[in-house]
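Hi,

Here is the structure I promised to hand over.

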Amino acid sequence: MKISIRVNNDLSYDELLQLVSAAEAADVDQIWVSHDLLLRSAPVLMGALAARTERIHLGIGIMNPYTVHTTEIAMVAATAQEVSGGRFALGVSAGATDFLGWAGLERRRPMTTVRQSVTALRALLGHNDIAEDDLPDWWSSSFSLRFPPTSPVPVYIGATGPQMRRLAGRIADGALPLLPCPDLFGKISADIHSGLRDADRDSAAFDLPACIWVSVGERDAARRALAEKLAYYGQSFSPDHLAPAGLRPIDFHEAGRYARAGDLGKAVEFIDDRMMRLAVVGSPEEVIEGCLELRELGARHVSFGPPLGPDPLAALAKLGRSVIPALRSATS
């Protein structure tokens, strides 16, 4: 089974470097760093991490074509591919409406914008299976990067809703769907495969990680670490993402208001047990159990997302000692 780790760009470079080094030592396949607004720059971090690692694949998850033009995203991706020796992957999506609102940006025509951006990116980043009808209006046949990518860069779509998932299957190399509950993986996979069939694409070449949030550690501390993440990000989740868990973005409004003002102590008071079920919290054995359920639903790649635990480095060590070996042996 393929294993990846996702972290937020709120970590300092030193913290992130320790985490990535530990992930590489633990035989993790990929590490994805978010590019959330007003936190650290993931493209800068990618260059630094590429220089300090040898094997692990590195990804930005996600960038969006509203805050950065598609051509500049292509420049970032091709450069990161060159610097990393072919170990880079790019995640793209429309981004969260409220985060874009901080910058005074509207999320206009998200399906069309993502479809055109991802198609143009793949054309610029070394892929040949491009549908010209999906390219943006500004595209021309002579348009290309002034330096060729050292190898094609895989482009993933951060897909939460069914339409975006089908689009990912139709035009992307992978998807990064965050699971609000494990048993939704079957539905997500079906949406992806519908898009793959529509475009007559090879499903074996498509990477579909089952993206879950985990918090491993002593239960009270693990719950607190997760509650802080949910307070900050919960209201940015789409209604489609939260509905299977019986939640709505507005349910996170009060928690988000305090979290984004820096008062996490007050914010976590508004995170209830329903919200906590959006992640796996507790011991490595509980994480293994959840991952094996995903495997039974067809998952062949599991991605562990933040907070990982109250101490991310200690949590990664636990994942590396017991969870990852157990999943590898179960799928060998």
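A quick word on terms before the notes: buried means under 20% relative accessible area, exposed means over 50%, and partly exposed is in between, using a 1.4 Å probe and protein chains only. Bear in mind that this is a predicted model, so local features need pLDDT of at least 70 and side-chain atom pairs count only at pLDDT 80 or more, while totals for chains, interfaces and linings use all residues. Residues are numbered from 1 along each chain as its sequence is written, and side-chain values use heavy atoms, with hydrogens and water left out.

Cysteines to begin with. Cys211 is buried, at 1% relative accessible area, and Cys291 is buried too, at 0%. There are zero disulfides in the structure, a disulfide being a pair of cysteine sulfur atoms within 2.5 Å. For Cys211, the nearest cysteine sulfur belongs to Cys291 and is 12 Å away.

Next, salt bridges, meaning a side-chain nitrogen of Lys or Arg within 4 Å of a carboxyl oxygen of Asp or Glu. The whole structure has 22 of them. Helices and strands below are DSSP runs (H or I, at least four residues, for helices; E, at least two, for strands), numbered from the N terminus.

- Arg170 and Asp134 pair up at 3.1 Å, N to O. Arg170 sits in helix H6 (residues 162-171) and Asp134 in the loop between H5 and E5, so this bridge ties together parts 36 residues apart in sequence. Asp134 is buried at 7%, whereas Arg170 is partly exposed at 32%.
- Asp191 meets Arg166 at 3.6 Å, N to O. Asp191 is buried at 4%, while Arg166 is partly exposed at 32%.
- Arg219 bridges to Glu286, with the closest N and O atoms 2.7 Å apart. Arg219 is in helix H8 (residues 219-233) and Glu286 in helix H13 (residues 284-296), so parts 67 residues apart in sequence are tied together.

There is also a salt-bridge network that links Arg122, Asp129, Asp173 and Arg201.

Phe143 is partly exposed, at 30% relative accessibility. Beyond its neighbours within four places in sequence, Phe143 is in contact with Thr71, Leu124 and Trp138, contact meaning heavy atoms within 4.5 Å.

Cheers
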